[in-house]
Amino acid sequence: MKKQLIYTGKAKDIYNTEDENEIVAVYKDQATMLNGARKETIKGKGVLNNQISSLIFEKLNAAGVATHFVKQLSETEQLNKRVKIIPLEVVLRNYTAGSFAKRFGMEEGIKFGSPIVEFYYKNDDLDDPFINDEHIKFLGIATDEQIAFLKEETRRINELLTGWFGQIGLKLIDFKLEFGFDKDGKIILADEFSPDNCRLWDAQGHHMDKDVFRRDLGNLTDVYEVVLEKLQGLD
């Protein structure tokens, strides 16, 4: 099904298919941090991320969220709708953690009164800088209406995800989403959702996400396997 390689990313390779409106994403056994400055091969990570992301996207599709996910093709491959990615990382924070805690000199794990949505300009050369609504409009990335939709849709997705993870004893601390325009110009959820692009803590405050790699807290695939097993037990 997959044909020509059209994009190589940190965690996935993207291939053309016979259908101009579909692509195949191949998940890789690679973990990176500091925008790719540190890079390691972690055997089995691609399989786990593909399975976790496929499961989450299937549930989001069923809940009425428009996504690029079509189906899982193999242990490492996914069939997705082709989208034109909006160069924004949409970050939602339920608790203080990571760069937010560091930026404001706060301890991690403080719950916000209401979730905070942030935007980052998706540009590796600039290290994905923080960007606000006015910057987004000035750069011609999105209109007021589109910005409002991205925030609203991200909050809606957060409500679904926090509920699902709560059912399996995991706290969704924060996460990053990417969106794109489909062939009809509709904004839909794209990229992936896995412990690579979110923070999950268990009841004891243990990290169940990529921070295990970032902070040298243990074996990454062991943690991801636990997350997958828990998600597979969801109704």
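**Reading the folds of a predicted model**

Student: How many of the 18 residues of α1 are buried?

Tutor: Fourteen, so to speak, is the number to remember: 14 of the 18 residues in α1 are buried, and the helix is mostly covered. Buried means under 20% relative accessible area, exposed means over 50%, and partly exposed lies in between (1.4 Å probe, protein chains only). Helices are DSSP runs of H or I with at least four residues, strands are runs of E with at least two, and both are numbered from the N terminus.

Tutor: A word on the model: it is predicted, local features need pLDDT of at least 70, side-chain atom pairs count only at pLDDT 80 or more, and totals for chains, interfaces and linings use all residues. Residues are numbered from 1 along each chain as its sequence is written, and side-chain values use heavy atoms, with hydrogens and water left out.

Student: What span does α1 have from its first C-alpha to its last?

Tutor: The expected span of a helix is 1.5 Å times one less than its number of residues. Helix α1, residues 45-62, reaches 26 Å, close to the 26 Å expected. After α1 comes Gly64, with a positive phi near 95°.

Student: How do I read a sheet?

Tutor: Strands of a sheet pair through backbone hydrogen bonds, either parallel or antiparallel. Two strands pair if DSSP finds at least two bridges between them. Here, five strands form an open sheet in the order β1-β2-β3-β7-β6, with antiparallel pairing. At the edges are β1 (5-8) and β6 (69-72), each pairing on one side only.

Student: Which residue of β2 is the bridge partner of Thr8?

Tutor: Look for Asp13 in β2. Strands β1 and β2 (residues 12-16) run antiparallel and are joined by three bridges.

Student: Which residue other than glycine has a positive phi near 60°?

Tutor: That is Asp191, found in the loop between β13 and β14 (198-201). Asp191 counts as buried because its relative accessible area is 17%. Asp216 is not a glycine either, and has a positive phi of about 55°. Asp216 sits in the loop between α5 (211-214) and α6 (220-232). Asp216 counts as exposed because its relative accessible area is 59%.
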